[in-house]
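Here is a friendly note to read alongside the picture. Please keep the model open as you go through the points.

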Amino acid sequence: NTALYEGRDTEWRLSQIFAFSRSEADVVRRRLNGEETFEEVASSSSVEPGTMAQGGDIGYVTAGEMPGKVEKLVRGLEAGDWGGPVFNGTGYYFIKVNEVRPRERQSFEEIEDQLTQILRLRKERALVLDFVQRLKARNHLRQVSSSFTILAAQWQNRTADELLASGGDLRALGFSDEDLALPLVAYRGGSYTIQDLFNDLFDSPTMERPPSTSDPLLRLYVEDRVVERLLIESADRKGIADQPGAAQRIEAERGSYLINEIYERVVVPTATVSDE
C-alpha cells in the first residue's frame with residue numbers, strides 16, 4: 001500500500017497501441033522504429049477502437065490505474081519516449097509518455113482502503129488472465145486460418161449493399177453447408193464453426209458484435225466465445241451448474257455468470273493482499 005501511495009503523487013498522459021499477436025506487435029515495432037510517429041501508427045494499427053481516433057491518447061493516469069507491467073514500463077520512460085511491447089495476457093501494449101506532471105493526493109489514512117482494493121483487483125486480474133491462458137493451453141485451442149479466409153471472402157469483404165441484399169441468408173452470400181461446418185477454432189474435444197459464429201452474432205445485441213471489417217476484433221470475439229464454452233464445461237465439472245437457479249442464470253448471462261463464479265471459487269481465494 002505504501003509503495004502504491006508514494007507513486008500517486010505523479011500522473012502521466014499516455015498514448016497506447018494495442019496488438020493481439022506477436023507478429024502484429026513486430027510490425028508495429030518496425031513502423032515505430034521507422035519514419036512514422038507514434039500517433040500515426042496508433043491511428044492505423046491499434047485495434048483498440050476507443051483510442052484509435054485520438055492517435056492512441058488515453059489521457060492522464062496515475063499509479064494503480066494501469067496493469068502492473070505497463071506501470072513498470074511507464075516509470076522507466078521520460079516525456080516523449082515510447083516503450084514496448086508489453087504482454088498483458090490478451091495482447092501487446094506499446095506505450096508513449098506524452099507528459100509527466102505532479103498530482104495532488106489525499107492523506108494515506110484517507111485512501112488506505114481504496115489502495116488495498118486497487119491492489120486486490122490488480123492481483124485478481126493477473127490471476128484471472130493466467131487462469132484463462134492455462135484453460136486455453138490445456139485444451140489446445142488453435143485458430144484455423146483457412147476457415148477465416150473463407151469467412152473473409154464470403155462475408156467480411158462484401159459491400160454494404162450485398163449484405164443488405166442477402167437479407168441475412170448466409171447461402172445468398174455464397175456459403176455452402178460445408179463452409180458453415182468449417183471450424184474457426186479447434187480445441188480438445190470440439191470446435192467452433194462458422195455457423196456457430198453467425199448463431200452468436202444473430203443472438204447478440206448489435207453493440208456487442210465485433211465490426212466485420214476488423215479481423216483482429218472478430219478473431220478475439222470468436223476466441224472469447226470458445227473460452228465461454230470451456231468455462232461452461234469447467235463449471236459443469238465443478239458442480240456450479242447444479243446449484244439452485246444456476247442453470248437459468250447461465251442461460252441468461254452466459255459466460256459472465258460462470259466467470260464470476262469460477263473467479264470467486266478458484267481465483268479470488270488466492271488473491272489475498274498482505275499488509276505489506
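Which residues are buried in α7? Keep that question in mind for point 2.

1. **Before you start.** This is a predicted model, in which local features need pLDDT of at least 70 and side-chain atom pairs count only at pLDDT 80 or more, while totals for chains, interfaces and linings use all residues. Residues are numbered from 1 along each chain as its sequence is written, and side-chain values use heavy atoms, with hydrogens and water left out.

2. **Helix α7.** The buried residues of α7 are Ser 147, Phe 148, Leu 151, Ala 152, Gln 154, Trp 155 and Gln 156. Buried means under 20% relative accessible area, exposed means over 50%, and partly exposed lies in between (1.4 Å probe, protein chains only). An α-helix has 3.6 residues a turn, so residues three or four places apart point the same way. Helices (H or I, at least four residues) and strands (E, at least two) are DSSP runs, numbered from the N terminus.

3. **The length of α7.** Helix α7 covers residues 145-156 and spans only 14 Å between its end C-alpha atoms, whereas a straight helix of 12 residues would span 16 Å at 1.5 Å a residue. The expected span is 1.5 Å times one less than the number of residues.

4. **The sheet.** Four strands make an open, antiparallel sheet in the order β2-β1-β4-β3. At its edges lie β2 (57-62) and β3 (82-87), each pairing on one side only. Two strands pair if DSSP finds at least two bridges between them; β3 and β4 are joined by 4 bridges. Across from Trp 82 you will find Lys 96 in β4.

5. The structure holds 12 salt bridges, each a side-chain nitrogen of Lys or Arg within 4 Å of a carboxyl oxygen of Asp or Glu. In one of them, Glu 11 meets Arg 103, with the closest N and O atoms 4.0 Å apart. Glu 11 sits in strand β1 (residues 10-19) and Arg 103 in the loop between β4 (92-102) and α6 (108-138), 92 residues apart. Glu 11 counts as buried at 13% relative accessibility, whereas Arg 103 is partly exposed at 25%.

6. **Another pair to find.** Asp 196 and Arg 229 form a salt bridge too (3.2 Å, N to O). This pair links helix α10 (residues 194-203), which holds Asp 196, to helix α11 (residues 215-238), which holds Arg 229, 33 residues apart. Asp 196 is buried, with a relative accessible area of 18%, while Arg 229 is partly exposed at 29%.
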